Amino acid sequence: MTQLELGTETIQTALSLFKWFHRHPELALNEFETTKKIREVLESHRIDLLPNPLNTGVFAKIGGKKPGPLIALRADIDALPIGEESGLSYASETPNRMHACGHDFHLTNLLAAAIELKKIEHQLDGTVLLIFQPAEEAEHGAEKVVNTGLLTDVEAIFGLHVNPELPTGVIGVKVGNFNAAVDRIFVTFHGKGTHAAHPESGNDVIVATGEFIVSAQSIVSRNISPFEPSVVSITHIESGNTWNVLPNSSLLEGTVRSFDSQVRAKIKERLQELADGIAAANGITNEFRWVDGAPAVVNDHRLTKIVERVAKKQGFEVTELDPSMGGEDFSCYQQIIPGTFFNVGVGCAHPVHNSKFKVDPEAFKTSIPLFVALVKAYFEGSASDGQTILS
Ligand SMILES: [Zn+2]
Ligand SMILES: [Zn+2]
């Protein structure tokens with residue numbers, strides 16, 4: 001396998017598309033203009049679009065001219081409710097909307113790779129499914145895509161995310177745990193409100209709330225093995241509205257992050273027990289609600305090694321990343337097929353989800369050929385019974 005390089009025309013196309021997408025950020029499930037633009041670009045290159053029962057997002061297919069496996073490449077396409085302060089000449093044209101997580105980079109990268117793959121379609125020993133996924137930041141986009149049944153018969157899936165902490169030219173990979181499962185909790189304590197000067201005449205839900213906040217922190221330190229990463233964070237509390245009234249109720253909201261499914265279940269169980277126990281001890285009632293988010297991203301060993309090997313061949317420096325307690329719904333695909341999710345360095349002083357976040361467009365020069373090379377390497381590896389690339 002020789003190093004793939006892009007012509008200046010492809011780079012120019014990618015850059016102008018990237019700027020257009022960056023100017024036009026749209027929130028989860030509202031990516032209508034983005035969807036239209038993606039379809040236009042794919043159609044103009046005669047790439048086959050597939051039916052999509054969802055209102056936004058695009059599915060397409062390249063290859064199938066020769067027998068071979070079906071693999072998927074995924075890019076997310078939604079933006080965030082953030083007012084952009086990047087100072088870019090092509091900054092968001094919509095107030096309080098911004099591509100601050102680099103999904104404009106991801107989708108442009110996949111579009112440009114698709115254009116390149118289409119040029120060599122007759123040489124491909126297999127078929128590539130392109131997934132332009134809506135709603136990664138909210139609204140369970142990956143789960144919706146999986147529920148369409150689109151991924152039946154797909155044998156491997158690849159996805160990437162920009163990483164501002166890595167310089168341009170660096171790829172971050174990790175076998176196994178990559179992103180944590182993201183769950184959400186709500187606890188409400190209900191009691192009998194009373195005069196603050198006469199607490200004995202009612203219940204104090206504020207004290208119960210404080211006990212819950214402190215006790216919840218004991219779960220990770222006392223109930224979970226120190227070798228299993230997990231986080232419980234209470235992030236939102238609401239109760240009362242003045243200084244001399246003990247209120248009737250109190251609400252807590254928070255998030256739980258974990259990798260292992262048994263750890264995840266244990267934390268849920270203990271939070272429920274604590275809420276029940278604290279309510280009983282204070283003579284009040286409670287409601288406990290756990291909302292499952294995306295499971296953990298756990299990268300397939302074989303596919304991660306393919307990315308590592310191809311990235312090195314493409315001239316990238318490859319670094320092994322630590323797992324992140326942040327979530328990614330790429331994990332929904334990994335529930336049904338092997339997949340690997342990796343990071344592309346786009347060197348930026350500001351983190352994702354920051355109003356000053358921006359990517360280095362130079363990164364396209366290497367990330368687009370990387371996606372193309374990955375597809376070719378996978379098919380070549382499969383065609384030669386795995387010996388060339390899959391070892
Ligand atoms: Zn994000
Ligand atoms: Zn993201």
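Which residue lies over the face of W20? K37 does so, at 4.9 Å from the ring centre. A charge counts as sitting over a ring if NZ of Lys or CZ of Arg is within 6 Å of the ring centre and within 35 degrees of the ring normal. The charged end of R289 is likewise placed over the ring of F186, 4.3 Å from its centre.

This is a predicted model, in which local features need pLDDT of at least 70 and side-chain atom pairs count only at pLDDT 80 or more. Residues are numbered from 1 along each chain as its sequence is written, and side-chain values use heavy atoms, with hydrogens and water left out.

C101 and H103 are both buried, meaning under 20% relative accessible area (1.4 Å probe, protein chains only).

The structure holds 12 aromatic pairs. Rings of Phe, Tyr and Trp (its six-membered ring) pair if their centres lie within 6.5 Å, and planes over 60 degrees apart count as edge-to-face. Two such pairs are tabulated.

| Pair | Centre to centre | Angle between planes |
|---|---|---|
| F18 and Y90 | 5.9 Å | 65° |
| F342 and F371 | 6.5 Å | 75° |

F18 and Y90 are 72 residues apart, and both are buried. F18 and Y90 also form one aromatic cluster with F105 and F364. F342 and F371 are both buried as well.

Definitions and conventions
Chains are lettered from A and ligands numbered from 1 in the order in which they are written. Buried means under 20% relative accessible area, exposed over 50%, partly exposed in between (1.4 Å probe, protein chains only). Rings of Phe, Tyr and Trp (its six-membered ring) pair if their centres lie within 6.5 Å; planes under 30 degrees apart count as stacked, over 60 as edge-to-face and the rest as tilted. Helices (H or I, at least four residues) and strands (E, at least two) are DSSP runs, numbered from the N terminus.
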